[in-house]
Amino acid sequence: MPIELTAHTDAGARLVAIAEELCEGLAARAAEHDRDGSYPFEAIDALRAAGYFAAPVPNELGGLGVSSAHDLVVASSRLARGDASVAIGVNMHLVAVLNMERRRQVALAAGNERRAGGFASSLEQIARDGVVLAAAISERGQDLTRPGTRATRTESGWRIDGRKLFCTMSPAATDLYVAVSYADGEGVQRYAYAMVPTDAPGVVVHNDWDALGMRASGSNSVSLEGVELPEAGVRGGFRAGDWLPYIERNLVSGLFHASASLGIAEQADQVARRGLAGRINGDARPRTQVADNVVDLAAARGVLSRAAWLIDEHRAANPASDGSAEQLGALFAEAQAAKAFAGEAAARIVDRALALSGGAGYVNGSPLARAYRDVKAGSFMHPLGANRAYDYLAQVALGEQPPLH
């Protein structure tokens with residue numbers, strides 16, 4: 001059997017064990033939800049009961065204390081073996097929560113106790129109240145560092161207006177994690193995040209997700225029309241168009257997407273190999289396909305693990321800051337290279353697995369047919385979609401200043 005990825009920390013190992021235990025339940029109804037395009041609310045209930053949504057929250061604040069990006073990514077790949085549609089929504093939630101915990105850690109190390117306390121309060125609420133966040137980031141024709149959704153100051157706080165696409169896990173979310181633009185006191189445009197309750201007046205989650213794959217992900221579009229938030233509803237942020245803080249907040253996003261691709265590929269490979277040895281005799285072609293999958297799985301696991309480990313090492317070495325621009329740029333490139341490679345390798349693995357299965361894998365309801373459709377999603381998931389990622393990586397390699405818009 002191939003050597004699969006394992007956690008580096010005790011807390012991470014416990015989370016991986018939880019993911020493996022939950023995986024069986026996710027898989028049991030994955031075909032049904034895929035066929036019907038229905039949302040797996042029972043899966044969200046099981047994840048919430050296990051404390052999975054509070055995985056990056058420190059123990060003292062009520063969470064599972066998994067601060068390692070590497071270990072979170074490994075656990076997410078296990079969830080994806082059961083149902084990748086569920087895993088990608090959980091991943092987007094975890095990216096937001098892990099970023100909050102990272103901001104809290106930096107504030108503490110820098111001696112900014114007030115700022116650290118604000119993040120601690122949010123993290124504690126996530127753990128205590130079972131908060132489920134749907135990322136409301138994507139927009140049609142968007143500039144990644146300049147959200148079209150606007151936050152406008154009012155006498156009592158803020159008004160939010162805009163429309164978001166691909167809001168994964170939106171049917172089960174308690175809150176939307178919304179990327180907005182706003183003008184600060186000096187008229188400078190800034191990028192920030194707003195926490196918007198899904199039941200707030202003016203929020204409409206459209207039941208419009210009907211896709212080729214990831215059919216149970218609930219990646220609906222969302223409208224925000226005159227949504228009122230208190231003064232604390234939109235905070236800080238960074239100058240719109242500034243790529244450096246954007247990539248710092250999205251260092252691990254691509255790796256979480258890659259973890260879903262890896263989990264799909266691992267499960268497809270396992271299904272294809274089940275009982276295969278007794279059927280292929282001395283046929284060279286299927287043996288070559290099996291071996292090619294072994295190679296691609298080893299490589300995908302390697303690049304994903306290395307990129308996540310590098311991010312963990314960087315953060316440990318820079319407790320009170322984000323590090324230098326050069327370091328962040330290099331890390332983001334490593335993560336994007338890992339995402340691109342793992343996504344393409346996963347598609348190759350699933351394709352071979354389907355070929356190895358013969359006609360059995362081709363029928364609707366087969367886990368391989370679902371994997372064949374689901375694995376295609378990784379290539380366009382931001383940040384960064386495959387086309388933009390390759391352009392970015394080429395510019396980095398050539399010493400150019402890569403734009404993200």
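## Helices H3 and H4

In this predicted model, in which local features need pLDDT of at least 70, side-chain atom pairs count only at pLDDT 80 or more and totals for chains, interfaces and linings use all residues, helices H3 and H4 pack at an angle of about 160°, with their axes 8 Å apart. That angle makes H3 roughly antiparallel to H4, a term that applies to angles over 145 degrees, whereas those under 35 are roughly parallel, those from 65 to 115 roughly perpendicular and the rest oblique. Axes are lines fitted to C-alpha atoms, for helices over the stretch in contact, and the angles run from 0 to 180 degrees between N-to-C directions; helices themselves are DSSP runs (H or I, at least four residues), numbered from the N terminus.

H3 passes H4 in a right-handed crossing, where the near helix is turned clockwise from the far one by less than a right angle. On the H3 side, Ala 69, Leu 72, Ser 76, Leu 79, Ala 80 and Gly 82 meet Ala 84, Ala 87, Val 90, Asn 91, Leu 94 and Leu 98 of H4, contact meaning heavy atoms within 4.5 Å. By class, this contact has 9 nonpolar, 3 polar and no charged residues, with Ala, Val, Leu, Ile, Met, Phe, Trp, Tyr, Cys and Pro taken as nonpolar, Asp, Glu, Lys and Arg as charged, and the others, Gly among them, as polar.

## Helices H7 and H9

Helix H7 (residues 253–273) packs with helix H9 (residues 284–317) at an angle of about 155°, with their axes 11 Å apart, and the two are therefore roughly antiparallel to each other. Their crossing is left-handed. The H7 residues that make the contact are Leu 255, Ala 258, Ser 259, Leu 262, Ala 265, Glu 266, Asp 269 and Arg 273, and those of H9 include Val 290, Asn 293, Leu 297, Arg 301 and Ile 311. The residues of this contact divide into 11 nonpolar, 2 polar and 4 charged.

Asn 293, which lies in helix H9, is buried, with a relative accessible area of 0% (buried means under 20%, exposed over 50% and partly exposed in between, for a 1.4 Å probe and protein chains only). When neighbours within four places in sequence are left aside, Asn 293 is in contact with Asp 269, Arg 348, Ile 349, Arg 352 and Ala 353.

## Salt bridges

The structure holds 24 salt bridges, each being a side-chain nitrogen of Lys or Arg within 4 Å of a carboxyl oxygen of Asp or Glu. In one of them the side chains of Glu 266 and Arg 81 meet at 2.9 Å, N to O, linking helix H7 with helix H3 (residues 69–82) across 185 residues. Both Glu 266 and Arg 81 are buried. Salt bridges that share partners join Glu 4, Glu 20, Arg 78, Arg 81, Glu 266 and Arg 301 into one network.

The salt bridge of Arg 103 with Glu 248 (2.9 Å, N to O) links helix H4 (residues 84–109) to helix H6 (residues 243–249), 145 residues apart, and both partners are buried. Arg 348 and Asp 296 also meet in a salt bridge, at 2.9 Å, N to O; Arg 348 lies in helix H10 (residues 325–357) and Asp 296 in helix H9, so the pair ties together parts that are 52 residues apart in sequence. Here Arg 348 is partly exposed, with a relative accessible area of 32%, whereas Asp 296 is buried, with a relative accessible area of 8%.

## Conventions

Residues are numbered from 1 along each chain as its sequence is written, and side-chain values use heavy atoms, with hydrogens and water left out.
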